[in-house]
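This report describes the fold of one protein chain and the contacts that join its parts. The sequence and the structure come before the description.

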Amino acid sequence: MPKVGMEPVRKKQLIEATLEVMAEVGYHGTTISLISKRAGLSSGIISHYFGDKQGLIEATMRHLLDALKITQRIDDPLERIDFIIENNFSQTQGASSATNTWFNFWALSLHNEGLHRLQTINHKRLERNLAFSYRKLLEPSQVKNAAASTAALIDGYWLRYSMGSVGNGDFSEAVARSKQYVRDLVSQYGK
């Protein structure tokens, strides 16, 4: 039986171990045994906290998704969009363990209902957060398109830069280009 009060600590250990193992061997090579060894815990603890490998993978994705949440109040709409952009290209999201897990997540979400649901939530949340800020900056007829286009730009740049096809994993240019795109939209369609 797990020690009282250790649940958050153990869950964090298992999620971090999952990120590391998936980065090294991919989803199909990731096993409960490898994760528990990496975390230095028994494999039974995974069943206790997460049910199975699928439950642990979903918890790991929620961990990465939670890091994208806006947790502070930002009143200026342009600063808020900048924060969203920077957060999507943060060190947490750009770490090799996170990028490899994201790649696996996107591929698996095509065929896995639980992961697909998480991806849909993530996609809608990003567009909704962008639209919230764009409503204060743009004409109403431009808001939905601006939010969708900015979200696609963030995802596209993240993918290109994460794969090393551009920037060798350095997101600074992607952040600058995304912010410039937003400023160009505001300049062209602003109130």
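A residue counts as buried under 20% relative accessible area, as exposed over 50%, and as partly exposed in between (1.4 Å probe, protein chains only). The model is predicted, so local features need pLDDT of at least 70 and side-chain atom pairs count only at pLDDT 80 or more, while totals for chains, interfaces and linings use all residues. Residues are numbered from 1 along each chain as its sequence is written, and side-chain values use heavy atoms, with hydrogens and water left out.

**Overall fold**

The protein chain contains 10 helices and zero strands; helices (H or I, at least four residues) and strands (E, at least two) are DSSP runs, numbered from the N terminus. Its C-alpha atoms fill a box of roughly 60 × 35 × 25 Å along the principal axes. Of its 191 residues, 43% count as buried. Among contacts (heavy atoms within 4.5 Å) with a separation of 6 or more, 66% come from residues 24 or more positions apart.

**Helices α4 and α7**

The axes of α4 (residues 53-66) and α7 (residues 96-109) come within 11 Å and cross at roughly 115°. Such axes are lines fitted to C-alpha atoms, for helices over the stretch in contact, and the angles run from 0 to 180 degrees between N-to-C directions. On the α4 side, Thr60, Met61, Leu64 and Leu65 meet Ala98, Thr101, Trp102 and Phe105 of α7. By class, this contact has six nonpolar, two polar and no charged residues.

**Salt bridges**

The structure holds 10 salt bridges, each a side-chain nitrogen of Lys or Arg within 4 Å of a carboxyl oxygen of Asp or Glu. Three of them are listed here.

| Pair | N to O distance |
|---|---|
| Glu24 and Arg38 | 2.8 Å |
| Asp75 and Arg73 | 2.6 Å |
| Lys179 and Glu86 | 2.4 Å |

Glu24 forms a salt bridge with Arg38. Glu24 lies in helix α1 (residues 7-29) and Arg38 in helix α2 (residues 32-39), so the pair ties together parts 14 residues apart in sequence. Glu24 is exposed at 53% relative accessibility, whereas Arg38 is partly exposed at 35%. Together with Glu20, these two residues are linked in a network of salt bridges.

Asp75 and Arg73 are both exposed.

Lys179 meets Glu86 in a salt bridge. This pair links distant parts of the chain, with Lys179 in helix α10 (residues 172-189) and Glu86 in helix α5 (residues 77-88), 93 residues apart. Lys179 is buried at 18% relative accessibility, while Glu86 is partly exposed at 36%.

Note on methods: Nonpolar A, V, L, I, M, F, W, Y, C, P; charged D, E, K, R; others polar.
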